[in-house]
Amino acid sequence: VHARALTEAVTRSAEMNRILREAMVVSEAARGELWQYHNGVSSLVGIPFFKLSQTNVVAAPAVSPMSVGQSSLPLHVIDGWLPRFLAGQCVDQDDDAASPPLAQLMRDGSVERIIACPVHISGLREPVGHVAISYVRGWSPPDRDAAMSSLRAAAVRAGAVLAAYRESMQR
């Protein structure tokens, strides 16, 4: 059972990284990330969610992954995004308009802009996380609408991967 779970986790991670890299390349972003929401114990069945953890990150050549493995951050870091995520909408966050906890995270990673979209799993009302692409100082999306569209598609694909993983863990 342990070997199967480990194999499925590695496969899921590799697939998630492919999804993030494709969104990052299409959007000409510096980084692509998956953040999952959890209650401190479980990220797929633990509702209500109180925390978020970065579970996957990819970065362009010569760009630091910056925040690999940031975990158990309080969900209030992105509280301004949550109403939009609950409505199924994406967020385009400029560093100048970010609230203090998020602004600090953006500064720490030299991030000027983040575009993020909620990740949903069928049957759950609330998103289980979000995918994000970020632009460091000197980078900007050449086509914001194309970047947003690419990230929306990545969020749907990420949700499907997480749903399949959730289903396999329930067997």
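**Salt bridges and an aromatic pair**

Arg144 is partly exposed, with a relative accessible area of 38%. On this scale, buried denotes a relative accessible area under 20%, exposed denotes over 50%, and partly exposed covers the range in between, computed with a 1.4 Å probe on protein chains only. The model is predicted: local features require a pLDDT of at least 70 and side-chain atom pairs count only at pLDDT 80 or more, whereas totals for chains, interfaces and linings use all residues. Residues are numbered from 1 along each chain as its sequence is written, and side-chain values use heavy atoms, with hydrogens and water left out.

**Salt bridges**

- A salt bridge is defined here as a side-chain nitrogen of Lys or Arg within 4 Å of a carboxyl oxygen of Asp or Glu; by this rule, the count is nine.
- Arg144 takes part in a salt bridge with Asp145, with an N to O distance of 3.5 Å. Asp145 is exposed, at 56% relative accessibility.

**The link between helices α1 and α4**

- Glu15 and Arg157 form a salt bridge through their side chains, at 3.8 Å from N to O. This pair joins distant parts of the chain, as Glu15 belongs to helix α1 (residues 2-27) and Arg157 to helix α4 (residues 144-169), 142 residues apart.
- Helices (H or I, at least four residues) and strands (E, at least two) are DSSP runs, numbered from the N terminus.
- Glu15 is partly exposed, at 25% relative accessibility, and Arg157 is also partly exposed, at 33%.
- A network of salt bridges connects Glu15, Arg18, Glu22 and Arg157.

**The link between strands β4 and β5**

- Asp92 and Arg113 form a salt bridge in which the closest N and O atoms are 2.6 Å apart. Asp92 lies in strand β4 (residues 91-94) and Arg113 in strand β5 (residues 111-119), so the pair ties together parts that are 21 residues apart in sequence.
- Arg113 is partly exposed, with a relative accessible area of 25%; Asp92 is likewise partly exposed, at 22%.

**Aromatic pair**

- Rings of Phe, Tyr and Trp (its six-membered ring) are paired if their centres lie within 6.5 Å; planes under 30 degrees apart count as stacked, over 60 as edge-to-face, and the rest as tilted.
- By this rule there is one aromatic pair. The ring centres of Trp81 and Phe85 are 5.8 Å apart and their planes stand at 70 degrees, so the pair is edge-to-face.
- Trp81 is buried, at 4% relative accessibility, and Phe85 is buried, with a relative accessible area of 0%.
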